[in-house]
Amino acid sequence: MNPDNSFVDLRLNRQDGQNQESFWPSFTDIMTVIVMIFVIAMVVLLLRNIELVKQLRSTMEAERAAVELAKTTGEEKESLALKLFAAENDLSMLRMRLMQLEEQRTEQAGTIDTQHRDIVQLQAEKESLQLLRDQLNAENYTLTQQLKKRDTLIQQQQQNLEELQQTLLSAQQQLGRFQEEVASAHSALNTLEENYATVKEQLTQLQQRYNSQTGELLAARVAQRESGRQLQNLQSDFEQLKVKYDKLIRPARSPAGRYLVDVRYTKPGQDILIEYKIQDADGYQKVSQAELEEQLEQLKEQHPNGLYIKVIFPEKSGLSFSEAWSLTSRLHSRYDYYFQGGGPELIPVLPSSSSGE
């Protein structure tokens, strides 16, 4: 083609007819081109058909080969199916044979178990028979030993029997002597019975005398107890009279020769105020009850002649009579010389207007 997209001018005498007949040449060229294109297309189609024919032939040959192959495969398949059927038949027969063998094996196992149990039972019976044989042997040995011992015992008994016969003879002889002694003993027994009756009569007399003496002894013991009780009463009365006499003849309480201690109690509030003064001091000292008793204990040990405790309760001291009496009796009974060693009993005295003792 030309650069302006027009067809190439293939005419041989285009210079001559260009001016005269411009239409028909162009038409011829076009038709020529079309024919050429048609021819080329036909050639291409022909080549294509030839190729398709070749492919069709090869396909048909392949189909025939495939059919042959399928036929061969089918024949082989049928052969294999026949072989498979035969093999399955053989397998069924083998399975049946295996089942038969299993049944036979089970029966044989049962038979073996039964025989095994029979063997075990026979072994147990054998062991029991052996044990019974051993026991019988032991019993036989024991019986043999016992038989020997019995023979020995029979011999000993025969010897003992002979000894007993000899002993019986000697016993018969002794029995004769015993009968003679019994006769003499009977005569002695008669004599003893006579003596027993005499002794019994004497014993009865002695028993009567013993009973009468026992009654007299009991009466004497009762009288002795009554005398002892009366004596104890008299001794008690004597002791009481002696105490009263000692109290009556004892001299009155006096500070002469004693160490003087003044103790003064007051109760201004709820607590009791305690003050004391000894004869060597000038004034009173405040102390507690425990300190006072400790001081009095020391003074009591320092002065063997004793203390004279003077208890003072000032007027309006605030103490009740029971408190004052308790304090006074406590000091006098423990530390005052007059009340030591079983002295006279304290007599409660009301405090005076100025002082109390």
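Let's start with one residue. Glutamate 293 touches Arg330, Arg334 and Tyr335, leaving aside residues up to four places away in sequence. Keep in mind that this is a predicted model.

Where does this glutamate sit? Glutamate 293 is in helix 2. Is glutamate 293 buried or exposed? Its relative accessibility is 12%. Buried means under 20%, so glutamate 293 counts as buried.

Now helix 2 itself. Helix 2 covers residues 289-302. It lies across strand 1, strand 2, strand 3 and strand 4. Strand 2, for reference, is 273-278. Against strand 1, helix 2 runs at about 170°.

On to the sheet. What is the strand order? It goes 3-2-1-4, four strands in an open sheet. The pairing is mixed. Strand 3, at 285-287, and strand 4, at 307-312, are the edge strands. Each of those two pairs on one side only. From one strand to the next, the twist averages 30°.

Look next at strand 1 and strand 4. Strand 1 is residues 259-266. How do strand 1 and strand 4 pair? In the parallel sense, over six bridges.

Helix 3 comes next. Helix 3, residues 321-335, packs on the sheet and touches strand 1 and strand 4. The direction of helix 3 makes about 175° with that of strand 4.

Back to the start, then. Glutamate 293 belongs to helix 2, and its contacts include Arg330, Arg334 and Tyr335. Helix 3 spans residues 321-335. That's the tour.

Definitions and conventions
Residues numbered from 1 in each chain as written. Predicted model: local features only at pLDDT ≥ 70, side-chain atom pairs only at ≥ 80, totals over all residues. Heavy atoms only, no water. Pairing = 2+ DSSP bridges. Axes fitted to C-alpha atoms, helices over the stretch in contact; angles between N-to-C directions. Contact = heavy atoms within 4.5 Å. Buried < 20%, exposed > 50% of the residue type's maximum accessible area, 1.4 Å probe, protein only.
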